[in-house]
Amino acid sequence: MAAVDVIVDNLVSLWRIPTIRNNFPWIFLLISVVGSIGKELQLVPETYFSSSRNALNVYFVKVSWGWTLLLLTPFLLLSNSTFSRSASFLGRRLLSLVVATAVWYVCTETFFYIEDATGSCFEGGALTVVKEEFATKASCRRAGHHWYGYDISGHSFILAYSSLLIVEEMAPMASSKTASLSALPRTVLSLLYVALNLIVAIWVLMFTCTSVYFHDPSHKLLGTICGLLGWYLTYQVWYRSPLSPGLPPQRHPKEQKQHA
């Protein structure tokens, strides 16, 4: 466990660096723009990650929201319980994941609707023969045809949004009174923290791969902006008001010295 503790301390120190913490959201916009330019100019050679069947895409990205909730839910409960074990407090903090899931669902369903509303079904890949009897992407593809519509990048959205959500909810680790936890919960909390940092690294890597290998530039940029807006309107606007799930708790520096 000593090695895990060292890793945790280093990760906490990393996220305490103002330049990294404050500029992290804008990294996604930068990657999206630069990656899209690289794709359009064909500057990036094909690699293992240029195939949508790569293992990280199949086993992680396609179920990214499940991975995010699977790791974040127990971490949120354990880390927030070092501040208060009140059922109302923990329930309020869990509500932030309910809100995040609602944001994810509404955005992805809206993307699907836009693609259906703006698209047409074509026979073959040449996009010349229109099959008007198929009005949705699902029915078109079931018939073995190709659907072409305005496809906002769901990958760009979910990878940016999940990363920002995780980083926000990991904040209590910097000031959690982990000494109040027994050995097993403290170990679990540390392992979850390391796993969440690893999943953020995977999301950033796959977001980069999406930017340089897939989708049209406007599709990726719009998906990224939706992810940033979902984070901004909750954590930077709504969660700062009393009638909200609230921001992840953090102790004032003076309190941290008292608990040290």
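I count two strands as paired if DSSP finds at least two bridges between them. Helices (H or I, at least four residues) and strands (E, at least two) are DSSP runs, and I number them from the N terminus.

Ground rules for this notebook: the model is predicted, so local features need pLDDT of at least 70 and side-chain atom pairs count only at pLDDT 80 or more, while totals for chains, interfaces and linings use all residues. Residues are numbered from 1 along each chain as its sequence is written, and side-chain values use heavy atoms, with hydrogens and water left out.

**Sheet.** I looked up the strand order and got β2-β1-β3, an open sheet of 3 strands with antiparallel pairing. β2 (129–130) and β3 (146–148) are the edges; each has a single partner strand, so one side of each lacks a neighbour in the sheet. Strand β1 (residues 120–123) pairs with β3 over 3 bridges, in the antiparallel sense. Across that pairing, I find F122 opposite H146 in β3.

**Cysteines.** I searched for disulfides (two cysteine sulfur atoms within 2.5 Å) and the structure holds 1. It joins C121 to C140, with S to S at 2.1 Å. C121 sits in strand β1 and C140 in helix α6 (residues 137–142), 19 residues apart, so I note a link between distant parts of the chain. The angle about the S-S bond is 80°, which I log as right-handed. Both C121 and C140 come out buried, where buried means under 20% relative accessible area, exposed over 50% and partly exposed in between (1.4 Å probe, protein chains only).

**Salt bridges.** My rule is a side-chain nitrogen of Lys or Arg within 4 Å of a carboxyl oxygen of Asp or Glu. The count comes to 6.

- R21 pairs with E168, closest N and O atoms 3.3 Å apart. R21 lies in helix α2 (residues 18–40) and E168 in helix α7 (residues 154–169), so the pair ties together parts 147 residues apart in sequence. R21 is partly exposed at 23%, whereas E168 is buried at 8%.
- E115 pairs with K137, closest N and O atoms 3.2 Å apart. E115 is in helix α5 (residues 87–118) and K137 in helix α6, so parts 22 residues apart in sequence are tied together. I get both E115 and K137 as buried.
- E40 pairs with K39 at 3.9 Å between the closest N and O atoms. E40 is partly exposed at 45%, and K39 is partly exposed at 25%.
- E123, K131 and E133 form a network of salt bridges.
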